[in-house]
Amino acid sequence: MTSTTALPTTEWFPGDFFRIPVLAVLRGLSLTESVRLSERAWDAGVQHVEIPIQTADAVPVLKAVAEAAAGRGLVVGAGTVTNLEQLDAAEKVGVAFTVSPGFSPEIVAESVRRGIPHLPGVATATEILQARALGLRWVKVFPASILGPNWAKSMKGPYPDMNFIATGGVTALNAPDFLSSGVSVVGLSSSFADDAQLELVRGLIAASAASVLTGAGRK
């Protein structure tokens, strides 16, 4: 179970929690396929998998992936959390974080109370401002394919301390455009079922690791 100790938003996603610039988002798949693609993602170097739980039948899938992750010493997140009932379900599984397509102060407040880091979705400068006022520094750019890389780049101007995770229509093919425009992490889905795109995912992760090492060497 997740800790029920209140966790300030300023302490959510600390340090290198999202050190890998790729998040696997596996929506609407069978339990077996979700576990299989999660394994492919982890083998490629991905650290975190998100299983959306928009419907109740996705909760057993989340639990199965969480159990597979635990066997590797990893954690998972629950996506499409838009109400407190879904937050309850995610907490019972013991997820490390939750994700929403939109921004709900109520869910943020309840997540603080339960000690479960929450990643709300934003699509406007106003929503970023509201999230920031609650102490949030990580938000989900959604839908990224509609907003585009330039949106994220523009928002980094007035909000340089905000970290963006772009999901929704992002693939291994266009991920570099987002990562070079101020996005910290991209959420990929179908890429893990495609061998060619999976190689691109490995390349993104390797390039990120090399960049970190280069930066450390210059200090």
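An open sheet is built from 9 strands in the order 5-4-3-2-1-9-8-7-6, and the pairing is parallel. Its edge strands, each pairing on one side only, are strand 5 (118-119) and strand 6 (121-122). Two strands count as paired if DSSP finds at least two bridges between them. Helices (H or I, at least four residues) and strands (E, at least two) are DSSP runs, numbered from the N terminus. In general, strands of a sheet pair through backbone hydrogen bonds, either parallel or antiparallel.

Strand 6 pairs with strand 7 (residues 138-141) in the parallel sense, over 2 bridges. Valine 122 has valine 141 in strand 7 as its bridge partner.

The model is predicted: local features need pLDDT of at least 70 and side-chain atom pairs count only at pLDDT 80 or more, while totals for chains, interfaces and linings use all residues. Residues are numbered from 1 along each chain as its sequence is written, and side-chain values use heavy atoms, with hydrogens and water left out.

## Two buried residues

Valine 25 is found in strand 1 (residues 22-25), while threonine 9 lies in the segment before strand 1. The table gives the relative accessible area of valine 25 and of threonine 9. Buried means under 20% relative accessible area, exposed over 50%, and partly exposed in between (1.4 Å probe, protein chains only). Contact means heavy atoms within 4.5 Å; residues up to four places away in sequence are not counted for valine 25 or for threonine 9.

Valine 25 and arginine 36 are 11 residues apart along the chain, and their C-alpha atoms are separated by 13 Å.

## Helices 3 and 4

Helix 3 (residues 84-93) packs with helix 4 (residues 105-114) at an angle of about 30°, with the axes 11 Å apart. Helix 3 is therefore roughly parallel to helix 4 (angles under 35 degrees count as roughly parallel, over 145 as roughly antiparallel, 65 to 115 as roughly perpendicular and the rest as oblique). Axes are lines fitted to C-alpha atoms, for helices over the stretch in contact, and angles run from 0 to 180 degrees between N-to-C directions.

From helix 3, Leu84, Leu87, Asp88 and Glu91 meet Glu106, Ile107, Glu110, Ser111 and Arg114 of helix 4.
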